[in-house]
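Thanks, I'll keep this brief.

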Amino acid sequence: MAEISDSPSTSKPVEENTQTLTPQIDSKTTRNTKPGVKRLIICVSVLFSFILGFPLLWKSIEIYRAPLPFDRIDSFSSQVESNPLSFPCSFQAVFIGFDFKASHSEVAAAIKRKISDLGRGDCGGCGGNYSVAVAVERGDVSAFDFGAKLRSDDEDADEWVRSVVNQYGGGHAYSVVVVNEGGEVRSVVGKYRHAWIVGRVEEEEAVLRVAEIFVKVFVNGGDEEGLVRSEFMPVGADGRIVLSFSLLNADPRDWIYDWNFREIDKTLLQPVIEALQPIANISVESQVLYHTPKSSFSYWDDKHGSHIFTAKDLPFFVNSNEWHLDTSVAAGGRSKVLQLVVYIPSAKECPLQLKLPNGDISKTNGFISPMWGGVVVWNPQSCIKDLESNDPVRNTISHQDLQMLFEVLMGQLRQLLGLKSDNLYVGESGTSILLGSERGFTEWELDVLSRKHICFNLLSCATTLGSLSRLVQSLPRMIIMDEIGKQVKFSLEAAKFAQSNASIGIYDASAVSSRQSRSLAEDAFFHPSIMSISYYSFEHCFAIYSPFFLPVIMHVLLGALREWKRYKQESRKYLAAKAKEKVS
């Protein structure tokens, strides 16, 4: 019994000793085990995968940009705009029957001073890049013989002057032969590169006339302004011109007219196309349309015995609703179409004539619209309708009438290209007769067109490439294909060839190169890839991709920071527990 009663007293002290040996652990401040790094490694791995994948993502949305020669473009643009292209010009003056007291060099210096006073520094001229050669033939007998030949038929005189100029070593130089003999002064400009003046001329007047023909005719083409205007040359950006000839029958119930266009194409148009080949690639098409009334009104004039339409009616003459002229398949792209229209009025307004602002009736009975084309009104010989016949009368325009019509149309084409349509030049020193050529354009006129065409093409090329350069540099996300880079490179090379050929007076090759430079620059600027939807700014790119990637990146970044903070906190608890153990 005693043993049983003593057992509780002996077991109680054992329990108290056990509690004192086992310490109490605070989980908020300490921990016995080392914190694990598995969760931290997973979070950091996910974060680094996003960081490493960002360059790949940026590479996938990178825009390809072929390198463009921005420095060469800026240099070329500034050169063309600040320094107008100057062409080398050689002038030669042959004086027959003059007794100059001054030497040949002094006479040449006097002509140079007059040329400098009359000339301008615009592109398309000679500037200061010209030379003057003077030859003097003394003797009244030679002057009389020369004067007799020059006052004969102009066509024969033109060929004779050409042989004389070649004897003096003229070659491709612009030459003027002045013959001092009794009689009225007569000035003629030939169809090659020479002119002649015959008559009683004083020495100072002869020098002035020679200088004026050199500058105003041979250099400026009879244009008083002599400037390169954007509308002077209606050539497409691809260097092509489409001549669209249309024969319009206003009312086929009265009569129907047709034409033999193939014959005219072979005899009259082909020489013109061949002459203008260095300037533009010209194609020709024709059509005959019916039911094509004009939009303007006309009135009957008893004085002239015809229906009259005035210059005020010209803006309303072309009926764009009824004249379906733009049907060309060959005019695709950036080609320029020139409409050359022959309008045949109906019986109720036949004959129809154009009254000029001065009150006279137009000899050509036609007009032009710059950069659009020209219209010629042709009245049939008999304006009386055959009332007995129910069917309209079918006719064909005669060869003589058709030739006269095309002479007028070629004159309109000359005006559209910036040349004079008449055969007279009225200057300060007098009037000069301009001989025509069977090709439609004389050699000196083709030189004028080539120089203006070269200047216009180079200026257009520089403007286009400059705009492309500024556009590309302002939009870093714009796609630039290799083809665009090649086009820009070839355009600059063609422009360089044009400038080098122009500097030595090779007009044909320079005109072709300038045309290519402009066409390539236009092709580069209007390349389809430039207008791709992939062209956008960095802000647009950020706005597109941030809704997809920003939430995920934020969660990963916050998760990694939270896990790192937890790991640091648990590590401090473990270190605190270790420190307590060492102390105890």
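The accessible surface of the chain is about 31,300 Å², and 56% of that belongs to carbon and sulfur atoms. Those areas come from the Shrake-Rupley method with a 1.4 Å probe; for residues, only the protein chains shown count as cover.

This is a predicted model: local features need pLDDT of at least 70, side-chain atom pairs count only at pLDDT 80 or more, and totals for chains, interfaces and linings use all residues. Residues are numbered from 1 along each chain as its sequence is written, and side-chain values use heavy atoms, with hydrogens and water left out.

The chain has 13 helices and 17 strands, taken as DSSP runs (helices H or I, at least four residues; strands E, at least two) and numbered from the N terminus. Of its 584 residues, 45% count as buried, meaning under 20% relative accessible area, with exposed being over 50% and partly exposed in between (1.4 Å probe, protein chains only).

Now helix α4, residues 104–118. Which of its residues are buried? They are V107, A108, A110, I111, I115 and L118. They sit on the same side of α4 because they cover an arc of only 155° around the axis, taken from the directions from the helix axis to the C-beta atoms. S105, R113 and D117 are exposed, on the face turned away from the buried side. The cover over the buried residues includes β1 (89–96), β2 (130–137) and α7 (203–219).

Last, E570, in helix α13 (residues 538–583). E570 is buried, at 15% relative accessible area. Leaving out residues up to four places away in sequence, E570 touches R31 and P35, contact meaning heavy atoms within 4.5 Å.

Technical notes:
Expected span 1.5 Å × (residues − 1).
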